[in-house]
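This report looks at one protein model together with its ligand. Please have the sequence and the 3D view at hand while reading.

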Amino acid sequence: MRSFVYNGLPARVVFGAGAVRQLAAEVERLGAKRVLMISTPGRAAMVAKLGLQVAGTFDRAVMHTPIAAVQEARQMANAVRADCCVAVGGGSTIGFGKAIALTSGLPVLAVPTTYSGSEMTTIWGISEGGAKKTGRDPKVLPKTVIYDPELTLDLPVAVSAASAMNAIAHCVEALYAPDGNPIVSLMAEEGIRALSAALPAIVANPKDLSSRGEALYGAWLAGSTISTTTVGLHHKLCHVLGGLGLPHAETHAIVLPHAVRYNYDAAGDAMSRLERALRVRPAFQAIYDLETRLELPLRLAEIGMKEADLERAARIATEAPYPNPRKVEYGPVLALLRAAFEGVRP
Ligand code: NAD
């Protein structure tokens with residue numbers, strides 16, 4: 001057993017079908033009395049039905065946490081003298097809770113309704129002037145997380161599948177992270193198992209509560225893995241492609257099998273664990289075939305990537321690489337991106 005450092009992040013998790021009915025009690029447990037409720041416009045009706053007494057509602061959360069919208073949300077938190085933020089929604093919504101907490105220190109209670117895993121991390125991101133600034137700060141980690149699979153029954157199949165592949169990507173990179181450890185690897189392997197088992201059942205029947213619960217459990221584990229480990233080439237590529245305007249979760253899904261192929265021979269132990277969780281070998285084909293079954297887009301070309309940007313993306317990704325099991329080199333990375341652009345089975 002090699003030496004390691006394990007950092008457990010403090011969070012209270014309340015999990016289960018109907019768990020959101022404990023929202024008011026959980027707010028009280030935090031000692032909060034003046035809640036700022038946060039949602040996207042699309043989730044506003046669902047959030048209103050929760051019936052929580054609030055001091056104010058910010059229902060204009062959008063993707064990529066743009067600074068102008070963040071400032072509006074922060075002003076509202078001030079104006080209503082909020083002492084807590086409750087964020088109900090996906091990674092975009094939770095991102096607003098974190099952005100408020102970053103400057104105010106207000107506690108965040110997250111009720112995730114996708115599989116992004118953001119609720120378990122200290123990572124924040126705010127976009128300004130066409131670039132996304134990110135950082136880690138313990139202040140933004142939600143104090144309490146309520147996972148209720150009933151809230152995810154309406155999550156569209158395509159969003160579910162892409163968001164869950166994003167979660168699997170967190171687990172995959174945690175398996176070979178240089179600062180990984182046996183506990184994180186346990187969570188990563190179990191997260192991949194839960195998510196990959198639940199996904200086909202969700203696509204077949206989006207209202208299958210048991211599979212929805214399994215996927216949410218996997219998402220929790222995935223968020224927990226990425227919260228304390230560094231990410232590698234896969235996430236670097238997705239960050240670069242995100243900067244070109246490509247959608248977050250779909251980009252992760254498309255790049256993942258190719259990134260796994262890239263690292264396959266350089267991360268034997270991680271790949272064995274990945275294959276044990278997926279129950280199929282080789283891992284890169286297992287992931288690609290799963291995505292085919294889920295009817296996810298398989299080509300970067302399909303989600304807005306321009307062929308002319310491939311070389312630029314490969315250059316940016318290799319100029320300041322994240323730590324990665326296999327050396328990050330321009331030629332092979334360009335080949336990886338081209339394969340993802342064309343959607344060829346790795
Ligand atoms: P999202 O939050 O943008 O949600 C995707 C879509 O699903 C939205 O249109 C939303 O309204 C809809 N939706 C959400 N829940 C629903 C439900 N229950 N029923 C029906 N529709 C629903 O997408 P996401 O993939 O959850 O999050 C992506 C964002 O999160 C990105 O900006 C990414 O950078 C960030 N993220 C951050 C971290 C972190 O640790 N900070 C981790 C992962 C992702």
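Tyr6 lies in the segment before strand 1 (12-15); helices (H or I, at least four residues) and strands (E, at least two) are DSSP runs numbered from the N terminus. This is a predicted model, in which local features need pLDDT of at least 70, side-chain atom pairs count only at pLDDT 80 or more, and totals for chains, interfaces and linings use all residues. Residues are numbered from 1 along each chain as its sequence is written, and side-chain values use heavy atoms, with hydrogens and water left out.

Tyr6 has a relative accessible area of 38% and is therefore partly exposed, a class between buried (under 20%) and exposed (over 50%), with a 1.4 Å probe and protein chains only.

The ligand is surrounded by 21 residues, the closest being Gly91, Ser92, Thr113, Thr114 and Thr121; a residue counts if one of its heavy atoms lies within 4 Å. The table gives polar contacts (pairs of N or O atoms within 3.5 Å).

| Residue | Atom of the residue | Distance to a ligand oxygen |
|---|---|---|
| Gly91 | polar backbone atom | 2.8 Å |
| Ser92 | N or O atom in the side chain | 2.6 Å |
| Thr114 | polar side-chain atom | 2.5 Å |

Helix 4 gives the most to the shell around the ligand, with three residues.

How many of the 20 residues of helix 7 are buried? The number is 14, so helix 7 is largely enclosed by the rest of the structure. At the start of helix 7, the backbone nitrogen of Ser210 has a side-chain oxygen of Asp208 within 3.1 Å.

Conventions:
Polar contact = N/O pair within 3.5 Å; in protein donor to acceptor, adjacent residues only side chain to side chain.
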